[in-house]
Amino acid sequence: MSRDLPETPAELRNLAVTKSVEQLDSGAYFEALARRVAIPTESQNPDRASDIVRYFTEEIGPVLTKMGFEVKLEANPVSPGHPFLIASRIEDPLSPTVLLYGHGDVQHAHPEQWRTGLDPWSLRIEGDKVYGRGTADNKGQHSICITALEQTLAARGRLGYNVKFLLESGEETGSPGLLEFAAANRETLSADLFLGSDGPRISAGRPTVFLGSRGTLNFTLRADLRESSHHSGNWGGVLRNPGTVLAAAISSLVDGAGRIKIDAFVPGPIPDAVRAALEDISVDQGPDSPAIDEGWGEPGLTPIERLIAWNTIEVLAMRTGDPDAPVNAIPAAAVAHLQIRFVVGTDVTDFADKVRDHLAALGFPFIEVEVAHVMPATRLDPDHPAVRLVLASIERTLGKKPALLPNLGGSIPNSVFADTLGLPTVWVPHSYPACAQHAPDEHALVSISREGLQIMAGLYSDLAETREVWAPRHP
């Protein structure tokens, strides 16, 4: 029987959620994802540049165009092989705008390392697992967002707000040019709210929201003391050993229990709002996750506080002499590559100088310190109205409370959106910690994909009904 009255907001919301899940149940969602996985968009491989363009122009662009987006492929001002796709759907220039984000590139596939029966460029579903390069990072995640938005538009006809979509193609190589592109295109990318989907949930069974990420800074310590090695029997005790020196230098930065020893990089007290958000969250301990090491890291903190709300210094690699063929000689040089993951409030602007001064005071002025890569730390206030809106929307859709991470333990280019564009940033991931992203046998989960489609369709619908919450400057 036909209805005379228009559908209520709740009925439209339910319809959008239902239609989105139908795309998964019918297989249409996985058919689209299979096409996308089949395009080898390895951003570290210059031979894949044409595949990256093809991914944008032949796969993603046409889908967005059918949804009423104006789609453009823009050059990267820093890295020509890593273009940007910019899509805009403007219903009313006076309405608020949401900026969506994802990345079309993937890590090296290394097909020879995948288990028998799996091909990184072919989608394969086994039980709850959906195998293929990019299924978790990030093709599956932005495919969920696109599908849910498509079905929300089909259910509602219009959103009542504008949507812009930025897809980059160099995230897996450190997002070269993203900062410069955003700075030069502030008006094009202007919005009221940023919504991204990348990274993992806190665990497979719990939907998660995070508001930024720890920063990361990679640095190298090098003790290059002489031109050649010398016999340890003839010179041991009178020649400085660079390996011993470097070991002592590292232990002055981080001790054998993982505690940071250089005061300049010990963060201040954990904010109350951050600590409160982490109270009911634990570090993932699923069957594919490593066991937590007791007694490691800053004492007095819970494991999740050490992972999310504290700084860590990690030794990534080090070398002195020839470990594969050691000889009885004092090496000429030693080198160590390290990384600090840091939270908001940690000043790393003169990191190398602080480390040099610290080491010089300990008698190691000859150790060279080089900074290789920096990504700033960001964190939206957990009490921001948009955060409460997103959390309530997810709980309404799934009937369970999502986890709120004030920031991700890893690092993402969130500072571009939070600092350069000045947007409140909210991330809703659709992967999980044991997804093997960047590794052989990368996979998504059917169960999380289903929930992701439900979450995003519900959220896109709720944004239409709550504009005064997330965009108060608009009438």
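Modeller: Two strands pair if DSSP finds at least two bridges between them, and helices (H or I, at least four residues) and strands (E, at least two) are DSSP runs numbered from the N terminus. This is a predicted model in which local features need pLDDT of at least 70 and side-chain atom pairs count only at pLDDT 80 or more, while totals for chains, interfaces and linings use all residues. Residues are numbered from 1 along each chain as its sequence is written, and side-chain values use heavy atoms, leaving out hydrogens and water.

Biologist: How far apart are the end C-alpha atoms of α13?

Modeller: The expected span of a helix is 1.5 Å times one less than its number of residues. With 20 residues, 446–465, α13 should therefore span 28 Å. The model agrees with that, as the end C-alpha atoms are separated by 29 Å.

Biologist: And how many of the residues of α13 are buried?

Modeller: Buried means under 20% relative accessible area, exposed means over 50%, and partly exposed is in between (1.4 Å probe, protein chains only). α13 is largely enclosed by the rest of the structure, because its buried residues number 17 of the 20.

Biologist: α4 and α13 cross; at roughly what angle?

Modeller: α4 covers residues 139–156, and its axis comes within 8 Å of the axis of α13. Residues meeting there include I144, L149 and R156 in α4, and S449, L453 and Y460 in α13. The angle between the two axes is roughly 50 degrees.

Biologist: What does that make α4 relative to α13?

Modeller: Angles under 35 degrees count as roughly parallel, over 145 as roughly antiparallel, 65 to 115 as roughly perpendicular and the rest as oblique. By that scheme, α4 is to α13 oblique.

Biologist: α1 packs with α4 too, so is the crossing of α1 and α4 left-handed or right-handed?

Modeller: α1 (residues 9–25) and α4 have axes 8 Å apart at an angle of about 135 degrees, and the contact involves residues including L12, K19 and Q23 of α1 and A148, Q151 and A155 of α4. A crossing is left-handed if the near helix is turned anticlockwise from the far one by less than a right angle, and right-handed if clockwise. For α1 and α4 the crossing is right-handed.

Biologist: Moving to β2, how many of its residues are buried?

Modeller: In a regular strand the side chains alternate between the two faces of the sheet. F84, I86 and S88 point one way from β2, while L85, A87 and R89 point the other way. β2 (residues 84–89) is largely enclosed by the rest of the structure, because its buried residues number six of the six.

Biologist: Which residue of β6 stands opposite I86?

Modeller: β2 has five bridges to β1 (residues 70–74), running antiparallel, and E74 is opposite F84 in that region. β2 also pairs with β6 (residues 162–168) over five antiparallel bridges. In β6, opposite I86, stands L166.

Biologist: Last one: is A436 exposed, partly exposed or buried?

Modeller: A436 sits in the loop between β18 (425–427) and β19. Setting aside neighbours within four places in sequence, A436 contacts R133, D441, E442 and H443. With a relative accessible area of 22%, A436 is partly exposed.

Technical notes. Axes are lines fitted to C-alpha atoms, for helices over the stretch in contact, and angles run from 0 to 180 degrees between N-to-C directions. Contact means heavy atoms within 4.5 Å.
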